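Let's walk through this model together, starting with a strand and moving on to charged pairs. Have the structure open as you read.

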Amino acid sequence: MGNSIRIFLWVNFLVLLWFTYSSWIQDYSYTENESVPSFTQESPTLQEEAPPSLEANFGEVIPSLAAPSGDIFSNDYIEIKTDVLDLLIDLNGGDLVRSDLLFYPVNKDDPDNLIRLLDPSPENRWVYQTGFRGIDQNIPEPNHLSSYTSSNTTYELLPGEDELVVTLFWQNLDSDLRAYKTYTFNRGQYSFDLALHIENTSNQAWLGAPYAQQYRKHVPVSRSYTSVDSYSFKGPVFYDGDSYDKVNPEDFIDQPFREQITGGWLANIQHHFVAAIVPPDTDQVSYQGIMRDDNYLLTSISPLQEVSPGEELSYNYKFFVGPKLQAQLAEAGDSLELTVDYGMLTFLAQPLFWLLAKIHSYVNNWGWSIVILTMLIKLVFYKLTAASGRSMAKMRKIQPKMKAIQEKHKDDRQALSQAMMDIYKKEKINPVAGCLPILIQMPFFFAFYWVLIESVEIRQASFMLWITDLSVKDPFFILPIFMGIAMLLQTRLNPAPPDPIQARVMQIMPIAFTGLFAFFPSGLVLYWLTNTVLSILQQWRINKVIAAE
């Protein structure tokens, strides 16, 4: 019995420790100066410090692009509005520099204050940059510092239309090159296509490569129990075709990130939201990450292309800017849904979310979906927990005998242990059985925790009455209090530990959990409350059966 209780206490201690670590884990920070990719003909690669030659940093040849100042709604910008996105394109570069998500407010009570991912403001700058980079740096080229023109200043996806096409044009008479950037948006989609097109009207071949990158200012996350955003990673991620890696941009300072990848992508994630660049999955692309000052740059440089005189070239990217809707992410890029950061328990969390979403498609309420899923998980482990419950009930029944033995052998621990083992053997009790279900269910609990933390579908989702957002804490702490009461009742149904200190800890545990869960998402508290109530009902029933036997 003593070993069983000790295991139980250690499990609960580890749970507390894990939650504390998850809440206060230090944020990843990052930085880098803005530049345009440059490369050699043999191997496209970003050079941070090199003489002004073919290998030179592009920023040393052409002045770096300054952050916009003053009124951003000037003649150099065009506005694009779909049914889900409100976008801004800077004609000085022809790239997306602002993205507001029309159905995702920052706070549920302020629907007009929308989540803004891309942002041209100096204090929160996060922009896309795309174009072509030529081998001969003396020839003007359509990079992200070039000026484009558009036939309209505003574009809108009208009712009844399923597609919106926006085309930007660039031409330079000195280089005899013409280029287009064509954005294609579809109804209801946060992914969109960008086609980079270049035409060579000169009398000599042009050699260069298309590139796409994200430039972002480092804005640290404030870590706090009261902020749901505190629990998630914020920063760059890369996928190499096999594995998905979050990167601490501070590592870029000593060793810039450089890899040649086929079938991969890069992205910036920010809790429930993501901005991704997905090149064609058949090309070997040079992925790079560098950092300087308070900014960092993630770049994908595609293979070199030769455009003969009179010929033209098109290169297509898939972009994603929006919430981490897993179905849309999977369609936009191979394994792009991994940006929904479930961590090490992704293999459990993804099936749990799939089942949760299936239940929601019928009940249309995420709170009740959580309750039903908890019942299904409980049903899966029913036989295991029932066997454990029978052992706990039998131990509760022999409590008077245990106390008598403890009193008899209070000065001889070896004799006490032997006498206890004799009773366990006679009554056919496994003292460790009570902890086994807890150990087995812990991975499911942690996986479900990340499902509730990371799944944007549950963000700002209502349950009932005062629970208007399952992804944040209960505003009145009612669910945590109910959970603490339920845990207290659960301890009363189980046998008291023989050791007084252990018994005291078991009494304090519901109070500790109540305080801890008070600041966790109410959806997670609802799960734990439902699980505890079901456990109480099951144990109460088992105790009745054992008493009758």
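A residue is called buried when its relative accessible area is under 20%, exposed when that area is over 50%, and partly exposed in between, using a 1.4 Å probe and protein chains only. The model is predicted, so local features need pLDDT of at least 70 and side-chain atom pairs count only at pLDDT 80 or more, while totals for chains, interfaces and linings use all residues. Residues are numbered from 1 along each chain as its sequence is written, and side-chain values use heavy atoms, leaving out hydrogens and water.

Strand 5 runs antiparallel to strand 11 (residues 206-217), and nine bridges join the two; strands pair if DSSP finds at least two bridges between them.

Now for the charges. There are 11 salt bridges in the structure, each a side-chain nitrogen of Lys or Arg within 4 Å of a carboxyl oxygen of Asp or Glu. One of them joins Arg 133 to Glu 141 at 2.7 Å, N to O. Arg 133 is buried at 1% relative accessible area, and Glu 141 is buried at 5%.

Another joins Asp 341 and Lys 246 at 2.9 Å, N to O. This pair links distant parts of the chain, 95 residues apart. Asp 341 is buried at 10%, whereas Lys 246 is partly exposed at 40%.

Conventions. Helices (H or I, at least four residues) and strands (E, at least two) are DSSP runs, numbered from the N terminus.
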